[in-house]
Amino acid sequence: MERIDVHTHCVPPSYREYCLQNDFAGRGHPDGMPAIPEWSPGAHIELMDQLKIKKSVLSMSSPGTHLTPGNDEEGRSVTRRANIDMSKICADHPAHFLFFASLPLPDVEGSLAEIDYALDHLGAVGFQILTNSHGIYPGDQRLTRVFDKLSERKTIAFFHPTTCLIRHGDDDDSIEKVTPLPGAPAPIMEFMFDSTRALTSLLTSGTVDRCPGIKFVVCHCGATFPPIMERIAAFSSMIPGSGDGISAEKIKQLLQTRFYFDLAGVPFPDQIHGLLRLVDSSRLVYGSDYSYTPAALAGSLAKKLDDGLQDLLGVETTKQILVSNAQELLGITRK
């Protein structure tokens, strides 16, 4: 079946080389994974042809483009280079690619400048934001101006998980990487939990309500948020910055009207059912997670997804999820 890929990753050669040369991502092992994958437009387009992907929205993956806590100059430089590289790839292959630009968060001033530059000069269709930026979560008041700007520009915020980082103080030297199960790559479990933290932060802080111009995209079928949503709502007044808290009914209303959820990963046979208790099928979009998910695995997961969706929701709704919902999200004219 044809599809539009909202969650797929570009790895510009200049970015990969910079990370390897400067020992970022643990000598090429980002978040405990085996390697930073090599990537090329040709290989990506080959996968798109195999899976009948009409359009792919490129973005960077974890660890993002602000690589060194406190080094905003490097963050701005790496971010701008990555965004220019993605823009050029899209210009060279306009029938295949769009892109979500990166931001050098938690650098607020650099991010405000990059929002305008990426939209006005590079043709970005939205922005990829990590679930935490050196331990600062998206609802944190330090990032208020960034989200207000994204809302003003009426754009998309695509939240991609990363390794959980904890700040023990305001000093950048106080940041600690969380590895509760040593040796297990963070994407297996910890990415799911960090997506849940980011979504909780956005909802309980009032950021979603305050920023009506943003379309939010959450990865991996809502991660671990759906089964604990009621618990989060019940105790939300205890979360700093949440005021009197947020009700379960309000959370469901915001998820159904302001959010999309990509189905990258393994939503079938089990995970999908929890999310569909919170939103309907109009909020679901396809994601391959290529190139961090190898091409062969992306192919088998696409088939598993197609079969699961058709069995659960029927052929027409499956087509809506794979193509039409992404067209609505991205503002692509339907043909």
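This is a predicted model: local features need pLDDT of at least 70, side-chain atom pairs count only at pLDDT 80 or more; totals for chains, interfaces and linings use all residues.

User: How many helices and strands are in the chain, and how compact is the chain?

Analyst: The chain holds 13 helices and ten strands. Its radius of gyration is 19 Å, close to the 20 Å that the globule rule gives for 335 residues, so the chain is as compact as a globular protein of that length.

User: How is a pocket found, and what is the volume of the largest pocket?

Analyst: Rolling a probe the size of a water molecule over the atoms shows where empty space is left. In this model the largest pocket has a volume of about 750 Å³, and among its 39 lining residues D31, P63, T163, L165 and K177 are the closest to its centre.

User: Which elements each supply at least two residues of that lining?

Analyst: Helix 2 (25–28), strand 4 (126–130) and strand 7 (175–177) each do, and strand 4 gives the most, with three residues. By class, the lining has 20 nonpolar, 16 polar and three charged residues.

User: Which residues of helix 6 are buried, and what do they pack against?

Analyst: An α-helix has 3.6 residues a turn, so residues three or four places apart point the same way. In helix 6 (residues 144–152), the buried residues are V146, F147, K149, L150 and S151, and they pack against helix 5 (108–122), strand 4, strand 5 (156–160), helix 7 (190–204) and helix 8 (207–210). Just after helix 6, K154 takes a positive phi of about 50°.

Technical notes. Residues are numbered from 1 along each chain as its sequence is written. Side-chain values use heavy atoms; hydrogens and water are left out. On a 1 Å grid over the protein atoms alone, a cavity is a set of points where a 1.4 Å probe fits but cannot get out, and a pocket is an open set with protein on both sides within 12 Å along at least five of seven lines; lining residues have an atom within 4 Å of a point. Grid points are joined across faces, edges and corners, and a volume is the space filled by probe spheres set on the points. Helices (H or I, at least four residues) and strands (E, at least two) are DSSP runs, numbered from the N terminus. Ala, Val, Leu, Ile, Met, Phe, Trp, Tyr, Cys and Pro count as nonpolar, Asp, Glu, Lys and Arg as charged, and the others, Gly among them, as polar. Buried means under 20% relative accessible area, exposed over 50%, partly exposed in between (1.4 Å probe, protein chains only). Contact means heavy atoms within 4.5 Å. The radius of gyration is taken over C-alpha atoms; the globule rule is 2.2 Å times the number of residues to the power 0.38.
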